[in-house]
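Q: I'm new to this one and would like to go through it piece by piece. Could you walk me through it?
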Amino acid sequence: MATILRGRVIVAGDAQGVALVSDRPIGFLGGVDPDTGRIVEPGHPLEGESVAGRVLVFPTGKGSTVGSYILYRLAKAGRAPAAIVNAESEPIVAVGALIAGIPVIDRIDISGLVTGQPLTLRGEELIVG
Amino acid sequence: MSTTSLLRLTSEEEALLAGEGGEAVRRAMQIVVTLGRIYDAERLLPVESVQVAGVSYRNLGDAGLEFLRDWAAQGARVTVPATLNPAGMDMRDWRRMGISDEFARRQDEIVRVYAAMGVWPTCTCTPYLVGNVPSFGAHLAWSESSAVCYANAVIGARSNREGGPGALAAAICGRTAAYGLHLDAGRVPTHRVRVRCEVRSPDDFGALGYWVGRQVGGGVPYFEGLDLPAVGAEPSHAMHPEAAVAGDVLKLLGAALASSGAVALYHVRDVTPEARALPDLCPDDVPVIDVDDLAPARAALNADADAIDLVVIGCPHASLAEMRRVAAGLRGRRLRTAFWLTTSRRVRDLAEAEGLVATVEEAGGLVISDSCVVIAPMSELPYRTVATNSAKLATYALGHAGLRARFGALELCLDAAVTGRWPA
């Protein structure tokens, strides 16, 4: 049975994909390879996973503001996430997702989401299952 | 926490967001509106000027360059005065820094793209010293944390700490979202700092900023006990020699506060314009920080390293008064280490006319414009340990430039440049 969570639209758009969930913040500059989409931050729980085509779920962004441009480059390389779900968005990821055309929703309780779940983003609704 | 947007746009703003001003403006509006949504802003505000960060090729990389190129090709042009942050190299004399041809080519292209958008391509972290001087109370969208701190605190203008794309977006659509330091509520002190030791030399102010920044994070400290003349944006203050010196030390204080913490505004009782306008600005119930001794701050800013191979003065970029002090301290001396005096192109030109650049270069030093150690590709250069009088640079040296740092008075730094050893 599908569950519907309601959040706040940061970058409007509809998307679906398989969840890739981190309970730790993600920094895109130095944390994600802009050509492959792989998470390369040493010791990160998702190290080695690819964000490409996934609904990427993480609490919030971190690190350099240049991270915005990494999202843009991922999109141009066809390796961007399908959507981003945050507990609380911050400017680096929000602006990066916007210029990259990646939908973002925040103020979602992400503690119940797990990697591998099918997720659908529709407006302010996140449909789980 | 609200899940719906509180942001209300004017009909003109709605039209720009719908693309009536073209695709480049639409993208700029989208960025500004997205930031407004994140921070629960209720409206947008016109900005008087913008300071754009995200210039060094070392930081932007090909991804950033590609984005800027695409935006410029869509027709992006700034609509308010906008100045540019330092680049990864001196835009004219980059070879003297040891920069590679490949880096220089990309760096040059980045600055050209900004210039094509109408950004004034003088690359400095001190726009307020080269003609981008805000008015009291004006709304700005500045990035470069030390400049934001200066504009808010010393001039009494209003800017949040913008990221590079957010600032450029504000320059293109002429607006920023009304939240944080744009609102009176965001400018109220969060900490009372009682300074009870002597704070006199420029490096004292840096050490104080470092110490307080570590404790207040993103707060708004209110300093008491600093003996300085009144400052502000008024030309009479800017021209008065004593106030100009106060501006220099407050620049160093703010740069340190903004790098060890995330401070974007501070007040100094009886000195900074908002503190002068409102004697009761600081609430009674905020936490109190007593500073009795700067020795712990100085100890934290000094690595255990005595062999110095690079000395850097001018972080943030040196004013003309600071250039004069450095030149006076170097006259007739012969330097053993590399020596960089970093400043804006305009101040360099003024210094050159006074013969100060020649004095520095006769001693064996370099006057470097447009750039700084924090954002230059230092890993490609041979230096290991830097001596500086800048608490900001000492804070960032290891993480941003891979350099161990010695921090102290200008005189100690100049001695270290002559002997190659930190004179402890």
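Q: Which are the buried residues of helix 6 of chain B?
A: They are B:S145, B:S146, B:A147, B:V148, B:C149, B:Y150, B:A151, B:N152, B:A153, B:V154 and B:I155, where buried means that 20 or more other C-beta atoms, placed from the backbone, lie within 10 Å of the residue's own. Helices (H or I, at least four residues) and strands (E, at least two) are DSSP runs, numbered from the N terminus. This is a predicted model, in which local features need pLDDT of at least 70, side-chain atom pairs count only at pLDDT 80 or more, and totals for chains, interfaces and linings use all residues. Residues are numbered from 1 along each chain as its sequence is written, while chains are lettered from A and ligands numbered from 1 in the order in which they are written.
Q: Why is helix 6 of chain B described as largely enclosed?
A: Because 11 of the 11 residues of helix 6 (residues 145-155) of chain B are buried, it is largely enclosed by the rest of the structure.
Q: And what comes just after helix 6 of chain B?
A: There B:G156 takes a positive phi of about 80°.
Q: How many residues of helix 7 of chain B are buried?
A: In helix 7 (residues 164-173) of chain B, 10 of the 10 residues are buried, and just after that helix B:G174 takes a positive phi of about 75°.
Q: Switching to the sheet, in what order do the strands of chain B run?
A: The 4 strands form an open, parallel sheet in the order 9-8-7-10, with strands counted as paired if DSSP finds at least two bridges between them. Strand 9 (267-268) and strand 10 (288-291) of chain B are the edge strands, each pairing on one side only.

Notes
A residue is buried if 20 or more other C-beta atoms lie within 10 Å of its own, exposed if 12 or fewer, and partly exposed in between; C-beta atoms are placed from the backbone.
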